[in-house]
Amino acid sequence: MDRITAAEVFVRIAERGSMTAAAEALDMSRAMVTRYLAQMEQWAGARLLHRTTRRLSLTEAGEETLARCRRMLEAAAEMAMASSAGADEPRGLLRVACAQSLAQDVLASAVADYLRRYRQAAIDLHIDARPVNLVEERIDLAIRITNELDPNLIARPLGRCDSVICASPAYLAAHGTPRSVQDLVTHNCLTYSYFGKSLWQFDHGAERIAVPVSGRLSANESQVLLAAAIEGAGIAMQPAYSAHGPIAQGRLVALLPGFVPQGLGVYGVYASRRQMPASLRVLLDFLVTRFADPAHWPPLELSPPAPPRGRARARNPTA
């Protein structure tokens, strides 16, 4: 880790009397402040702070380390920072975390274009449905689709993810087509472990409607549920960017026009704005522009083929 940044973090902790206050002053997550302090204590080979429920105080080793850190920061401030051509050109490796569906349907092509444009940059993609710990897993950027952001992290809005309710023509022919969101209660709904597993929410004009759903198949990866929906296993709530192709091909049918599933934000999440590498800043700017282009981010307004004629009254698929 950067010793200059670690020294600055330690000085701010000592001056402010708490890690939370230091994090706010440095515009850094508390988790990152904690990590820098742990590293500083490892370098010093001693505990630097007395921790109580009310405040932090310096140990004897902490007092000595604080003086050294201040001298180090003074020396660093006196050093002339020579500018060089191409200093803002992104270069080096970024570790980026993302869920499989977003990575496969949207991010892979974006990353390919980014790497074609910036020849000195490299990206290591980590695909995982669960939210990763940026600090522990050394992730530079996590792309997350959520409405519940971690307050300890920095999040930059990249776009909005709309969803669509859909099912295969075969499922609808066998079980009927739901005409209102309340009809979903009697259908086999394919649910996602990390979002809306038992409750799907919709906007209908100015009204917010919550519908309890259930089914015999759930999964922690939305691509699995998409494949199952195409095979006729049930009704799924899918991101529009994933369902757009199968709907256009007639393998899925978009359902319940006028009932809009709850939208989610798409965010680039990272640990700190301080000393942000040019590669991360440029990648974030690139993704904001990319996701604003409908050609790379399919909109909610899909044009599905007409649904097959099924029984007007849906039957319980578990019956």
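A: One begins with the elements: helices (H or I, at least four residues) and strands (E, at least two) are DSSP runs, numbered from the N terminus. In this predicted model, the protein has nine helices and 15 strands.

Q: How many of the 319 residues in the protein are buried, as a percentage?
A: A residue is buried when its relative accessible area is under 20%. Buried residues account for 44% of the 319. The protein exposes about 16,500 Å², of which carbon and sulfur atoms supply 49%.

Q: How are the two faces of a strand read, and which residues of β7 lie on each side?
A: In a regular strand, side chains alternate between the two faces of the sheet. In β7, Ser163, Ile165 and Ala167 lie on one side, with Val164 and Cys166 on the other. Both faces are covered, and five of the five residues in this strand, 163-167, are buried.

Q: Which strand is joined to β7 by four bridges?
A: That strand is β12, residues 235-239, which runs antiparallel to β7. Within this pairing, Val164 has Gln238 as its bridge partner. Strand β13, residues 253-254, also pairs with β7 in the antiparallel sense, over two bridges; there Cys166 stands opposite Ala254.

Note on methods
Residues numbered from 1 in each chain as written. Predicted model: local features only at pLDDT ≥ 70, side-chain atom pairs only at ≥ 80, totals over all residues. Heavy atoms only, no water. Buried < 20%, exposed > 50% of the residue type's maximum accessible area, 1.4 Å probe, protein only. Pairing = 2+ DSSP bridges. Areas by Shrake-Rupley, 256 points an atom, 1.4 Å probe, with all protein chains shown as cover.
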